[in-house]
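Dear colleague,

Please find below the structure that I am handing over to you. My findings follow directly after it, arranged by topic.

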Amino acid sequence: MKQYLLIALVTIGVCDQLHAERLSFFPKISYSANAKPYSVAIGDFNRDGKPDIVSVGFNNDVGVFKIFLGKGDGSFSQSSTIQTENISPISVAIEDFNHDGILDIVSGGPLSFSRNYLPGVLAVFLGNGKGGFLPETDYSVSYYPTSIAIGDFNHDGNPDLVVVNPDHDYLSILLGNGKGGFLPEADYTVLGSNSVAIGDLNRDGNPDLVTANLNNKGLSVLLSDGDGGYIPKGKYLTGNNGAAVAISDLNHDGQLDLFASINNGLVALLGNGKGGFRLKLSYGLDNRPNSVVIADLNRDGNPDLVASTYGNDNNLSILLGKGNGEFQDKMNYSVGSFPQSIAIGDLNHDAKLDLVTANTGSNNISILINNSH
């Protein structure tokens with residue numbers, strides 16, 4: 001089976017303690033996903049104030065959604081499993097789509113991998129506030145999405161979706177109706193994208209898009225027109241097989257920057273505040289990175305980089321930020337086999353950010369609890 005690289009989009013907190021700590025993690029804790037998990041996300045599904053986890057994947061052509069309810073101490077109970085033959089899910093994101101104060105799930109993937117990957121499906125599960133979900137509502141997309149991001153693209157107060165896929169040269173926007181439903185997709189040309197991220201790149205108050213493109217096609221930047229439409233801004237050649245991209249202000253100049261994966265490495269691009277970027281530095285890794293997220297893990301006020309690498313080392317690589325757009329040498333931490341996706345959150349209420357990975361090779365999720373001091 002063809003392997004595709006994923007990124008999970010997560011909301012990361014900012015710690016109010018701006019003192020540097022020595023980064024360390026407790027040994028990993030793993031939970032069975034009852035499937036080959038491709039993506040993972042964190043949210044409080046039963047409204048008890050404790051972070052929960054959802055992993056998505058599939059066995060053959062049966063989609064498996066696994067819900068893990070948090071105990072508040074970094075451990076989880078395997079609460080429920082949703083199975084569906086309507087989608088083989090490979091991406092997931094979380095938001096309150098119908099404004100009822102309860103988190104919902106959206107997942108993307110092909111209808112069936114055994115049927116040549118087509119057509120693509122977005123499955124939306126509205127939460128019931130008790131850790132369970134209503135029956136799915138499916139939305140057809142022209143090709144299956146490997147990455148989903150959520151934002152309000154037309155400033156109507158309702159969450160919208162953007163999805164990309166690696167086999168065809170466009171991304172799709174689905175505007176939300178505020179009731180948990182979405183309008184038909186509108187397509188925009190990109191270049192075989194595998195990952196998408198959202199940020200206001202030109203400081204006009206509108207959410208812009210960056211895609212990471214495979215097959216030597218670098219990054220594509222699309223600027224928002226403020227009404228839900230997008231205008232191509234430029235392309236940046238960063239190296240082969242851009243599998244993932246993340247957005248943050250890496251050097252504290254008030255302008256958003258990019259961090260993207262390339263073959264066996266990562267590259268930082270600093271923004272000029274007008275939607276343009278310049279190459280800063282590249283960093284080598286042991287294997288091909290397929291997911292990148294940015295957060296302040298050691299609480300020094302600087303963004304740090306976490307990357308999963310699709311290789312047989314079963315590692316996460318962490319590069320601590322220096323605050324000037326540069327990063328320290330990588331540190332590796334063991335997780336499960338072939339980690340595909342990363343989510344970040346404070347899982348045990350100690351004001352330190354923890355990590356979760358979806359591991360396709362070992363059919364489980366791994367949790368790394370931050371033990372920095």
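Is phenylalanine 277 buried or exposed? Phenylalanine 277 counts as buried, because its relative accessibility is 11%, and burial here means a value under 20%. Please bear in mind throughout that this is a predicted model.

Confidence of the prediction

The average pLDDT of the protein is 89, and 91% of the residues reach a score of at least 70. Residues 1-18 have a pLDDT below 50, although this stretch has 64 contacts in the model beyond near neighbours in sequence. Where pLDDT is low, the predicted coordinates should not be read in detail.

The sheet from S2 to S5

An open sheet is formed by four strands, which follow the order S2-S3-S4-S5 with antiparallel pairing. The edges are taken by strand S2 (36-43) and strand S5 (76-84); each has a single partner strand, so one side of each is left without a neighbour in the sheet. On average, neighbouring strands of this sheet are turned by 20° against each other, direction ignored.

Within this sheet, strand S4 (residues 62-70) runs antiparallel to S5, and eight bridges join the two. At glycine 70, the residue standing opposite in S5 is phenylalanine 76. Phenylalanine 76 also belongs to a cluster in which ring pairs link Tyr31, Phe68 and Phe76.

Strand S3 (residues 52-59) contains serine 55. This serine 55 is buried, its relative accessible area being 2%. Leaving out residues up to four places away in sequence, serine 55 touches Ala33, Pro37, Ser39, Val40, Val64, Phe65, Lys66, Phe68 and Ile365.

Another open sheet has four strands in the order S6-S7-S8-S9, and its pairing is antiparallel. Strand S6 (91-95) and strand S9 (137-141) are the edge strands, each pairing on one side only. Neighbouring strands in this sheet are turned against each other by 20° on average, direction ignored. Six bridges pair strand S7 (residues 104-110) with S8 in the antiparallel sense. Among the residues involved is glycine 109, whose bridge partner in S8 is valine 121.

Aromatic pairs

The count of aromatic pairs comes to 14. One of them is tilted and consists of phenylalanine 65 and phenylalanine 125, with 4.8 Å centre to centre and 55° between the planes. Phenylalanine 65 lies in strand S4 and phenylalanine 125 in strand S8 (residues 120-125), so this pair ties together parts that are 60 residues apart in sequence. Phenylalanine 65 is buried at a relative accessible area of 1%, and phenylalanine 125 counts as buried at 3% relative accessibility.

A further pair, formed by tyrosine 236 and phenylalanine 277, is edge-to-face, with 5.8 Å centre to centre and 90° between the planes. Which parts does this pair tie together? Tyrosine 236 lies in strand S17 (residues 230-236) and phenylalanine 277 in strand S21 (residues 277-284), so the parts joined are 41 residues apart in sequence. Tyrosine 236 counts as buried at 17% relative accessibility, as does phenylalanine 277 at 11%.

Strand S16 (residues 219-224) and S17 pair in the antiparallel sense over six bridges. For leucine 222, the bridge partner in S17 is proline 232.

Where is asparagine 206 found? The loop between strand S14 (193-199) and strand S15 (208-213) holds asparagine 206. Asparagine 206 counts as buried at 13% relative accessibility. Its side chain and that of histidine 155 are joined by a polar contact of 2.6 Å.

With kind regards

Conventions: Residues numbered from 1 in each chain as written. Predicted model: local features only at pLDDT ≥ 70, side-chain atom pairs only at ≥ 80, totals over all residues. Heavy atoms only, no water. Pairing = 2+ DSSP bridges. Axes fitted to C-alpha atoms, helices over the stretch in contact; angles between N-to-C directions. Buried < 20%, exposed > 50% of the residue type's maximum accessible area, 1.4 Å probe, protein only. Contact = heavy atoms within 4.5 Å. Polar contact = N/O pair within 3.5 Å; in protein donor to acceptor, adjacent residues only side chain to side chain. pLDDT = per-residue confidence, 0-100. Phe/Tyr/Trp six-rings, centres within 6.5 Å; stacked < 30°, edge-to-face > 60°.
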